[in-house]
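The sequence and structure are shown first.

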Amino acid sequence: MVKLKKYNQFFKLFVIIITTLTIYSCGSSRFQLTTIEGKKIPITASAGTNETIEKFVQPYRETIDTDLSAVLAYNPVTLDKNNGKWQSPLGNLMADVTLKAGDKIFKSRENKSIAICILNSGGIRSTLAKGNVTARTAYGIMPFENSLVVIALKGEQIQELVDYFIATKKSHPLSGLTFTIAKDKSAKNILVQGQALDKNAIYYVATNDYLANGGDNMNFFKKGIQQYDLDYKLRNILIDYFKEVDTIPVINDIRITEE
């Protein structure tokens, strides 16, 4: 019994020593990353193909290719986002189509109307070439998975939107909003749906989820009173529009003027 008691005491002492050493070791150790190494493994034709995988993928590839290649509409003139200093026919088309499609959904869900649509010029990744228009065309123009979002903004933020537009000097797609850039680079004659901007009013603005979160430094969207996610990808809006029309219009109306 005495030996067992001594053994227990010895065991407790052993545990205390090991625990102390472990704590001290963990507390004093300092690990620092010194090197990161990587290796580029190119995927080339030399890698070959796997016949089993190819046979499995082929029917899906053929179906997708057929869907993407089907002609949906015709475009009489090549549209480029760079054709214009403050606006372009392609940007006008994108903004108008997005506003119209979003407004239809927004009215049915919220019984409210979208007043303005603004997108980012950088989100347009290709031209809308002259000729047949397909779903593949839409994927080229809008390759990202951006969805349509509506933000409730005060008139003060609409003013900030206009100031941002002038400061960036880019032809961001814009619809529902017109204004004049004065010689001192301030904005005047700001109209929303043809009516003078009311700083105290609430306006519903359509955009994409990237911009709604402050992308491209559009921080005025962060001041929104409420946000509505319409769960409708901008690319799909474009595809649905192509399916509805026979010929793509060239929209050259002036939305931004300079003194």
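**Setting of T207**

T207 is found in strand β9, residues 202-208 (strands are DSSP runs of E of at least two residues, and helices runs of H or I of at least four, numbered from the N terminus). The model is predicted: local features need pLDDT of at least 70 and side-chain atom pairs count only at pLDDT 80 or more, whereas totals for chains, interfaces and linings use all residues. Residues are numbered from 1 along each chain as its sequence is written, and side-chain values use heavy atoms, with hydrogens and water left out.

T207 counts as buried because its relative accessibility is 0% (buried means under 20% relative accessible area, with a 1.4 Å probe and protein chains only). A polar atom of the T207 side chain lies 3.0 Å from the backbone oxygen of I118. Leaving aside residues up to four places away in sequence, T207 touches I118, L119, S147, L148, V149, I151, A212 and F221 (contact means heavy atoms within 4.5 Å).

**Nonpolar cores**

The largest nonpolar core has 37 residues, of which L93, M94, L128, F242 and I248 touch the most other members (a core is a set of buried Ala, Val, Leu, Ile, Met, Phe, Trp, Tyr and Cys residues joined through side-chain atoms within 4.5 Å). Two or more residues of this core come from each of α3 (89-110), α4 (135-141), β4 (147-154), β9, β10 (226-233) and α7 (234-244). The largest share, 8 residues, belongs to α3.

A second, separate core of 30 residues includes W86, I158, A212 and I256.

Technical notes: Buried < 20%, exposed > 50% of the residue type's maximum accessible area, 1.4 Å probe, protein only. Polar contact = N/O pair within 3.5 Å; in protein donor to acceptor, adjacent residues only side chain to side chain.
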